[in-house]
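Biologist: I have a model open and want to go through its side-chain packing. Can you take me through it?
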Amino acid sequence: MDFIGRGVVEVKRRFVLILLLGSYLIFGFVLPSFANLPKLSLPQSRTLKNENQVIKNQTDEGKVLYDAGKFAEAVERLQKAVQEYKQQGQTQKQAVTLGNLSLAYQETGKWQEAKQAITESLQLQGLNIQNKNQKLLLAKTLMIQGKLFLSIGQSENALKSWQQAEKLFGEVGETNSRITAKINQTQALQILGFYRSAMKILQEVNTTLKSQPDSIQKVISLRSFGEAQQIIGDLKEANIALQESLKIAQRLQNPDEISASLLSLGNHARICDKQSLMPEAYRTTEALNYYKQTFEFSSSPLIKVQAHLNQLSLLRESKKDTTTIISEIQILLQQLPPSRNSIYAQINFAENLVKMGISSPSPANILKTAIQQAENIEDIQAQAYGWGELGKLSELAKEFPQAQKLTEKAILLSQNINTPEITYQLQWQLGRLQKAQGNIKTAIASYDIAIEALQALRSDLVAINRDIQFSFRESVEPVYRESVALLLQDPTLKDQNGQANPKILDKARQRIEALQLAELDNFFREACLQGQKVILDRVVDRDNPKSAILYPIILADTIQIIVKLPNQPLKLYTSLVKETEVEQTVTKLRQDLTDPSAIRDLKMRSQQVYKWLIKPIEADLAKTPVNTLVFVLDGVLRNLPMSALFDGEKYLVEKYALSLSPGLQLFNPKPIVNQKLKALTAGLTQPPKNFPHFAPLQGIESEFELITKAGINTTSLLNEKFTSTALEREINETPFNIVHLATHGQFSSRVDDTFILAADGAINVRQFDNLLRDRDDARPEALQLLVLSACQTAEGDKRAVLGLAGIAIGAGARSTIASLWQIDDESTAMFVGSFYSELKKGISKAEALQQAQLKLLNHPNYKSPSYWSAYVLIGNWL
């Protein structure tokens, strides 16, 4: 117990608090596993000799009882000591004991009494704090107050208390206590979503503690640092920190800290498992072992229930027996005093039961108990979660009016707190319920609020590892898609001719762009597409009126195609097709494209996709001077090169120049034709030794020769000269507006698996991004074109094109040309030479790409789309 005596605190028992990773999503939509935050630790102290032996005995007895877990009896002794000090007029000792009494109340779940005790302690200490002992006592009382605030869900107040405590510890020279206060601040910061700020503090703390002997502080700081690294996605560094925290805890022989570190490692193993390609049966073993060790090692019911809830979730996912563990969780939950953590545990338990289809124990009854406890401790956020989850239960039972009533109650509660992460889910749930009851207009309004809240969360969401915080495809993407479906399918929003209002169409396409930006943010874990941009519509209407923009949007039963033709309002075209059929057809067509012998199946499937996307707008396109089609593709369509679409006689590339755009806006949409072309070229004919599965690229020297022959001024790094260091040097020192990389690379939906190869190994997309951004900061010449001529998408990754878009945007290039799969050396060299030759003629990048592809298509050896359609242009097509 953290007992205070004459301005000092004696640490005899430490407190364990937990944070549910993804607790923002706690009410059952995607309820993640439990994870523990590092323990909140309070400063060490000296013992105190009390003048009044009776009071001393009561205080000592209270401490002994507290250490033994007999909190109610400890409260009784401490209450008596408080009264005795009050009668004697010993104000400072009364304040000290009130602080300790608040701790005892907190353990019994008596939050009102705990708040009253700590408030009285602070009031007794007053505002006129002068000497060192007074400052020390106030700092330690603030530490206890911070713990109370965090326990009842007031994270902002907890942060303020610990910040004040840190300042006071600094003033009196209590370095270790100041470190403790900083560690505690990081817990509040993480709950509030400020992960980067928490990381910065923890890095400073770890640097300070590194040279010091083993200590509880060191264990807590390393574990907290590991968990923060885990949240932002650096799993390798997270594992190092967590393993070190466990080793130190074991050397200190501290059971509480050992169990807390084991639990963190279990959560870490589970996150790593989710990113593994191994079968599910093999993936859960390590995480389950950590959770079992945690349960066996810990004496804390709270830690035990965390470990068991995580085991339950894993067993449920792997379809293993859960009967015993469910019974044990019920018993453990009954042992926990009411707190935010125990309430979240109950909600977590209920949500797992719902997913398993178990009605006994009753999820509804468990939730009602949790809500009652949340009301007792006045935790509004926990109440909102609970009512929201009850609403979800009614929604699953198709009791829509009752579900709406419960959801609206949760929304009303959430309006009292600034929590967009709750707002978006509750409004999404309300929108679904309104739609189910036929109230389309009110449903649209609810979805609008949900998406507005998601936009407000953008800066927070990007800092969070998507596999920890939420499943993007389950928790974010459906909000956007369902909203667009409502907008486009609402008959009241169409005119007499059945055409949708252009304002509604603009709103729909902006929703899809917001979804795509959110995906990119989720990929990089930072906000993308910042800076000066120009709306595509303006480019089509004013700068390049020979272009049209197509926005195909995949919905459950249709593909809705929003089209922008030059100097015309937006129009909507519809193809009736199930989403499942679209995905199956596109997936098979994508496989056909890499097999030159599958030309018959390729043409059949390609013609089908053409009928969905292009056929409905053929007549209107023919009436315009359009020669370039710009696609803002959606979903699985992004894996498909539009050039290969077939109308039965011709491929689309034979009729139009083609380009892709990651959104509705362009950076500095100016043509490259008026600039002198200077290229930095780099390539490897042989892959590095650690990457033997990549084939040699013998045609690179020929490729580079053809670039020079086309009249491009080049600086080259070839083979052993192409290292990450050399590339960085040339990027910073050489003036150029084109970067051409002829080396193996891979695009993946995971940022860690998206890279290009240099002689000294892989250059990750983040590193590559930083290289080119640093160059943009240092030099006035913008990077106009990035060419990746030998890359490919990750095999088996349906969303791998995210990696291509990530490289294109992250590099800051105005345009990017890349291959979606690997092509043979000879055709690649021919394509590259043709492209640069055409570009030198002063035509647009899209037209230069078209002409280079047509040259291959007309070559007797390379007629198949497998050779020429792999190349796509992203970004500025001018």
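Modeller: Start with the aromatics: Phe 831, Phe 835, Tyr 836 and Tyr 871 are linked into a cluster by ring pairs. Rings of Phe, Tyr and Trp (its six-membered ring) pair if their centres lie within 6.5 Å; planes under 30 degrees apart count as stacked, over 60 as edge-to-face and the rest as tilted. This is a predicted model, where local features need pLDDT of at least 70 and side-chain atom pairs count only at pLDDT 80 or more, while totals for chains, interfaces and linings use all residues. Residues are numbered from 1 along each chain as its sequence is written, and side-chain values use heavy atoms, with hydrogens and water left out.

Biologist: How many aromatic pairs does the structure hold?
Modeller: Ten. In one of them, Tyr 651 and Trp 868, the ring centres are 5.1 Å apart and the planes are at 75 degrees, so the pair is edge-to-face.

Biologist: Where in the chain are Tyr 651 and Trp 868?
Modeller: Tyr 651 is in the loop between strand S9 (628-631) and strand S10 (657-660), and Trp 868 is in helix H37 (residues 865-868), 217 residues apart. Helices (H or I, at least four residues) and strands (E, at least two) are DSSP runs, numbered from the N terminus.

Biologist: Is Tyr 651 buried or exposed?
Modeller: Buried, with a relative accessible area of 6%; Trp 868 is buried at 0%. Buried means under 20% relative accessible area, exposed over 50%, partly exposed in between (1.4 Å probe, protein chains only).

Biologist: Which residues have the most contacts inside the largest nonpolar core?
Modeller: Among them are Leu 652, Phe 835 and Tyr 836, in a core of 114 residues. Such a core is a set of buried Ala, Val, Leu, Ile, Met, Phe, Trp, Tyr and Cys residues joined through side-chain atoms within 4.5 Å. A second, separate core has 102 residues, including Leu 101 and Phe 149.

Biologist: Switching to strands. What covers the faces of S16?
Modeller: In S16 (residues 755-758), Phe 755 and Leu 757 on one side and Ile 756 and Ala 758 on the other are all buried. S16 is joined to strand S17 (residues 761-764) by four bridges, running antiparallel, and the two form a hairpin with two residues between them. Strands pair if DSSP finds at least two bridges between them.

Biologist: And which residues of H13 are buried?
Modeller: Ala 287, Leu 288, Tyr 290, Tyr 291 and Thr 294. Seen down the axis of H13, they fall within an arc of 160 degrees, so they line one face of the helix. That arc is taken from the directions from the helix axis to the C-beta atoms.
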